2 protein chains.
Amino acid sequence: MTSQAMESTGNWKVTIWEEENFQGRHCEFLVECPNVMERGFRKIRSIKVESGPWIGYEYPEFQGQQCVLEQGDYPHWEAWSGNSSYRTEHLLSFRTIKCANHSDCKVTLYNGENFQGRKFELRDDYPSLQAMGWCNKEVPSIKVNSGAWVAYQYPGYHGYQYVLERDHHAGEYKSYRAYSTQAHTNQIQSIRRVQH
Amino acid sequence: MTSQAMESTGNWKVTIWEEENFQGRHCEFLVECPNVMERGFRKIRSIKVESGPWIGYEYPEFQGQQCVLEQGDYPHWEAWSGNSSYRTEHLLSFRTIKCANHSDCKVTLYNGENFQGRKFELRDDYPSLQAMGWCNKEVPSIKVNSGAWVAYQYPGYHGYQYVLERDHHAGEYKSYRAYSTQAHTNQIQSIRRVQH
């Protein structure tokens, strides 16, 4: 067991079910799972997060579309998917997210790639970056100074999700391609802190 | 023109289109619209909010499912709908929302109807009420002390949306039936401030 996995034990707990509304085959996890198919699951249709946060991925090995999973009940896929045109029933891997306290979170947005150009430092949630004064719909690069954040394609926390962590990539996302192994868009219109 | 409408002029602006990606017939609004069909629209498929926030409703006269619309681009229905099992293309009325500054917002949740029982005072966004210590998935009554908030069925700001305002119902929501003219659920798992 790696030290990261040991740290996770006891602090994170998620249960997945093969059918909606917490029915059918289920399994509980305290540490990351790189491939639920290896546990005999072919799909996930409901999720209960008893202690979070977690990040779920469309494909094994933490690839593809991302969904942040904070404490609570997700009785069917649309409760976790921010992108309803694509039914992300197939969360096939997931791992824990390390957060900071809400008041300690900080992220810096840059209007050029590689942390160039005009920058905005944020310490709060922004359901509309445009309303804050950000003129573009793109965010070319992002530095997470502390905590974990989730950025969204559309205002009001809708659309594709990209989890951004201080403890991943050293918090440095030099271009939109760094947001994800499979970034579906370079548009970011809202951003918020991930909650413990 | 009512005093409310006069106040709105210049501070709010939204444009609606009949087709996705800001195509086809369109119309700009500076004040509330109780029925877009009276303007010749049979549907809305994309929306641009130049100055907000607004609230959109499924039916005329501010009835039915609600969608909060903060500044930004909504190129198709799933960018604004929190409930993807029901395609809310038919936002048929909308009105402006009055907010407070983010730092001045306050809301109180009660675990009994009519503001009875244990209470929680919130001044920040909570993507998971359970993570904050709220034990139920229901919120029987809510008092908005200042600003405007939006409560969601699922964690992470997914599912049905209920806009809660200090300047509406005097901020008093005595039971879940008061959240909406057509409350689809009494579950609330996340809540956040609405942004100017």
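Which residues have the most contacts inside the largest nonpolar core?

1. The model is predicted. In its largest nonpolar core, which has 24 residues, those with the most contacts are Val68(A), Ile97(A), Val194(A), Val68(B), Ile97(B) and Val194(B). Two or more residues of this core come from each of β4 (54-59) and β11 of chain A, and from each of β4 (54-59) and β11 (148-154) of chain B.

2. Val194(B) can be followed in detail. Leaving out residues up to four places away in sequence, Val194(B) touches Val68(B) and Ile97(B), and also Pro53(B), Glu70(B), Cys99(B) and His102(B). Ala148(B), Trp149(B) and Val150(B) are touched by Val194(B) as well.

3. The interface of chain A and chain B buries about 3,100 Å², with 44% of that area on carbon and sulfur atoms. On the chain A side, Glu78(A), Tyr154(A) and His158(A) supply 20% of the area buried against chain B, more than any other three residues. Each chain brings residues to the contact: 38 from chain A and 38 from chain B.

4. Four salt bridges are found across the interface of chain A and chain B. One of them joins Arg193(A) to Asp124(B), with the closest N and O atoms 2.8 Å apart. Polar contacts between chain A and chain B, with both residues at pLDDT 80 or more, come to twelve residue pairs.

5. On the side of chain A that touches chain B, β6 (72-74), α2 (129-132), β11 (148-154), β12 (158-165) and β14 (190-193) of chain A each give two or more residues. By class, this side of chain A has 17 polar, 13 nonpolar and eight charged residues.

Methods
Residues are numbered from 1 along each chain as its sequence is written. Chains are lettered from A and ligands numbered from 1 in the order in which they are written. This is a predicted model: local features need pLDDT of at least 70, side-chain atom pairs count only at pLDDT 80 or more; totals for chains, interfaces and linings use all residues. Side-chain values use heavy atoms; hydrogens and water are left out. Contact means heavy atoms within 4.5 Å. Buried area is the accessible area (1.4 Å probe) that two parts lose on being put together, summed over both. A salt bridge is a side-chain nitrogen of Lys or Arg within 4 Å of a carboxyl oxygen of Asp or Glu. A polar contact is a pair of N or O atoms within 3.5 Å; within protein, one must be able to donate a hydrogen and the other to accept it, and residues adjacent in sequence count only if both atoms are side-chain atoms. Helices (H or I, at least four residues) and strands (E, at least two) are DSSP runs, numbered from the N terminus. Ala, Val, Leu, Ile, Met, Phe, Trp, Tyr, Cys and Pro count as nonpolar, Asp, Glu, Lys and Arg as charged, and the others, Gly among them, as polar. A nonpolar core is a set of buried Ala, Val, Leu, Ile, Met, Phe, Trp, Tyr and Cys residues joined through side-chain atoms within 4.5 Å. Buried means under 20% relative accessible area, exposed over 50%, partly exposed in between (1.4 Å probe, protein chains only).
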